[in-house]
Amino acid sequence: MLKLTPARSPRENSRHPTIALAIAGGGPLGAIYELGALQALDEALDGVHMHDLDVYVGVSSGAVLSANLANRITISQMARVFMSTPDAEFAFHPEKFLRPALREYFNRAASVPSVILDLVTEIIRHPQRLTSLESIESLSRLVPNGIFDNQSIHRFLAQVLDKPGRTNDFRELTAKLRVVAVELESGQAVRFGEPGYDDVPISQAVQASAALPGLYPPVEIGGSYYVDGALRRTLHASAALKEGADLLFAINPLVPYDADSDATNLARARERMIKGGLPVVLSQTFRSLIQSRMQIGMRKYETSYPEAAIMLVEPNRNDEKMFYTNVFSYSSRNELAEHAFQVTRAELLARADDLDTFLDPFGLSINREILAARRSFADSLKREKPHYAPVGNTLDRTLDSLERLLK
């Protein structure tokens, strides 16, 4: 589903337009959808590549992709890694991201004696509370802050960025990168990469942005603790708009399922949702909250940043595959990437005329020939040579920039 919001008061077109990309979170499922959608965009847009933009904003799993793109790593390179293809630059082992947070468990276990002592003391002082929930309140201190160890995110991304032509330092990037997390103590969003928050390694900022409460423990940086940036907003697109973006591409992988939109299978869709139990109900609730915040934010951007044009890419509301696939599943990633790739291509082709009008002020256009051709996600990856060398990346980026300037 594409939503195009043209600029109400576009800036003068005598200068090179600033193009930005904001990527929301959504767990492994969201990241795989985003890879498929971004690959479709990358090959369908004439005049620009997703790894050659001016500003990047990432939240949670979207921060992983944004950090790579800001380092001029292509979508195809990332896809090979996350899909674990034989020609991938790095070996990717999903199980590494689901290792128990042993240090957190040990710290909680060490506090057992003091917790028991406090509980006994409380019972002696207030025996009437013995049969109430208040008597076990202190036991909540024994519950870990997170199930899995998120240090693996930091280590893996640091390894990826520790290559010639790449950097783990915000200040050394040629593009602007903003990784959003929420400071636990204040509940305020922090944009790592902005002045004052740019001395943190990119990999550690991404670790903080992806620290979903309950799943991963908060991440300590500079004496403060940070959790998932999606707790405040879904996209944090304003971080890119504040940097002067003329054109913003935005990707959001999580939308609520709308059974009513499929009249032919309405009864079956409703029955499936009810029989799905609590996980399905919670998923629909979570996605509805995200969508509500997204719609409010988009309306606000239209009035607060009238000089910017925004293109939002989301799954269709009746997309059962996106809704019923486990948000934290890795096993179906190839099938899901293919699905996102094909659905996005079909949407781009169907709205090619609208897109040409929307993109023309920025010197961009839609390649109908590529979109009309029969092509799989795997076919698309083959268009780019594996192990795209950093020197090749730099040359490719320079030629693309020169082409855009000449146009």
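Modeller: Let's begin with aromatic rings: those of Phe, Tyr and Trp (its six-membered ring) form a pair if their centres lie within 6.5 Å, and planes under 30 degrees apart are stacked, over 60 edge-to-face and the rest tilted. The model here is predicted, so local features need pLDDT of at least 70 and side-chain atom pairs pLDDT 80 or more, while totals for chains, interfaces and linings use all residues. Residues are numbered from 1 along each chain as its sequence is written, and side-chain values use heavy atoms, leaving out hydrogens and water.

Biologist: How many aromatic pairs does that rule give?

Modeller: The count is seven aromatic pairs. Take Phe82 and Phe92: their ring centres are 5.1 Å apart and their planes stand at 70°, so this pair is edge-to-face. Phe82 belongs to helix H3, while Phe92 sits in the loop between H3 and helix H4 (102-110), so the pair joins parts ten residues apart in sequence. Helices here are DSSP runs of H or I with at least four residues, strands are E runs of at least two, and both are numbered from the N terminus.

Biologist: Are Phe82 and Phe92 buried or exposed?

Modeller: Both Phe82 and Phe92 are buried, a word for under 20% relative accessible area; exposed is over 50% and partly exposed is in between (1.4 Å probe, protein chains only). Ring pairs also bring in Phe156, making a cluster with Phe82 and Phe92.

Biologist: Now for charged side chains. How many salt bridges are there?

Modeller: A salt bridge has a side-chain nitrogen of Lys or Arg within 4 Å of a carboxyl oxygen of Asp or Glu, and the count here is 17. In one of them, Asp246 meets Arg11 at 2.6 Å, N to O. These two are 235 residues apart: Asp246 is in the loop between helix H8 (238-241) and strand S9 (247-251), and Arg11 in the loop between strand S1 (2-5) and strand S2 (19-23). Asp246 is buried because its relative accessibility is 5%, whereas Arg11, at 30%, is partly exposed.

Biologist: Which residues make up the network of salt bridges?

Modeller: Glu43, Arg345, Arg375 and Arg383 are linked in it. Within that group, Arg375 and Glu43 form a salt bridge of 3.3 Å, N to O. Arg375 lies in the loop between helix H14 (368-372) and helix H15 (377-382) and Glu43 in helix H1 (residues 27-44), so parts 332 residues apart in sequence are tied together. Glu43 is buried, at 5% relative accessibility.

Glu384 is in the loop between H15 and helix H16 (390-406), Arg80 is in H3 (residues 75-82), and 304 residues separate them. Glu384 is buried at 14%, and Arg80 is buried at 4%.

Biologist: What is the volume of the largest cavity?

Modeller: On a 1 Å grid over the protein atoms alone, a cavity is a set of points where a 1.4 Å probe fits but cannot get out, and lining residues have an atom within 4 Å of a point. There are five cavities of 30 Å³ or more, and the largest has a volume of about 90 Å³, taken as the space filled by probe spheres on grid points joined across faces, edges and corners.

Biologist: Which element gives the largest share of its lining?

Modeller: H3 again, with four residues. The lining has 13 residues in total, and Asn68, Met78, Val81, Phe90 and Val160 lie nearest the centre of the cavity. Helix H2 (61-70), H3 and helix H6 (151-161) each give two or more residues. By class, nine are nonpolar, two polar and two charged, where Ala, Val, Leu, Ile, Met, Phe, Trp, Tyr, Cys and Pro count as nonpolar, Asp, Glu, Lys and Arg as charged, and the others, Gly among them, as polar.

Note on methods
On a 1 Å grid over the protein atoms alone, a cavity is a set of points where a 1.4 Å probe fits but cannot get out, and a pocket is an open set with protein on both sides within 12 Å along at least five of seven lines; lining residues have an atom within 4 Å of a point.
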